[in-house]
Amino acid sequence: QVQLVESGGGLVQPGGSLRLSCAASGRIFYISTMGWYRRAPGTQREFVAAISSGGSTGYADSVKGRFTISRDNAKNTVFLQMNSLEAEDTAVYYCNSQLRAGIGAALSDYWGQGTQVTVSS
């Protein structure tokens, strides 16, 4: 069984920084893309950032230049460094991973339980 566990959320003032982490564990043969999504109250979940197994990255326009995604392949962990945070960044942040849970298994999506980020003075 595969688990994705996020950490690092919390309350921060506008202009502040937070670093989210997400560790994948369990029966994992191969991890492809890892990424972050978020859902603000009353809205649908939206893409934030993603990173491929080779290190290529992509970002939503709303976070470009402020957020940086990285990963540690040896530890099956993805990070999201969030700087210059704004009230509009307030949301539950979800970790996503596309991986194979065993030799010959299909590439499937897995999600973490979410971590709350609140930006407020």
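Reader: Which conventions apply to the values here?

Author: The model is predicted, so that local features need pLDDT of at least 70 and side-chain atom pairs count only at pLDDT 80 or more, while totals for chains, interfaces and linings use all residues. Residues are numbered from 1 along each chain as its sequence is written, and side-chain values use heavy atoms, with hydrogens and water left out.

Reader: How many aromatic pairs does a search of the whole structure find?

Author: Rings of Phe, Tyr and Trp (its six-membered ring) pair if their centres lie within 6.5 Å, and planes under 30 degrees apart count as stacked, over 60 as edge-to-face and the rest as tilted. The search finds two such pairs. In one, the centres of Tyr37 and Phe47 are 5.6 Å apart with planes at 75 degrees, so this pair is edge-to-face. Tyr37 belongs to strand β4 (residues 30–39) and Phe47 to strand β5 (residues 46–51), 10 residues apart; strands are DSSP runs of E, at least two residues, numbered from the N terminus.

Reader: What is the geometry between Tyr37 and Trp111?

Author: Their ring centres are 5.1 Å apart and their planes stand at 65 degrees, so this pair is edge-to-face. Trp111 lies in strand β10 (residues 107–111), so the pair ties together parts 74 residues apart in sequence.

Reader: Is Tyr37 buried, partly exposed or exposed?

Author: Buried means under 20% relative accessible area, exposed over 50%, and partly exposed in between (1.4 Å probe, protein chains only). Tyr37 is partly exposed at 24%, as are Phe47 at 30% and Trp111 at 34%.

Notes: Helix = DSSP H or I, 4+ residues; strand = E, 2+ residues; numbered from the N terminus.
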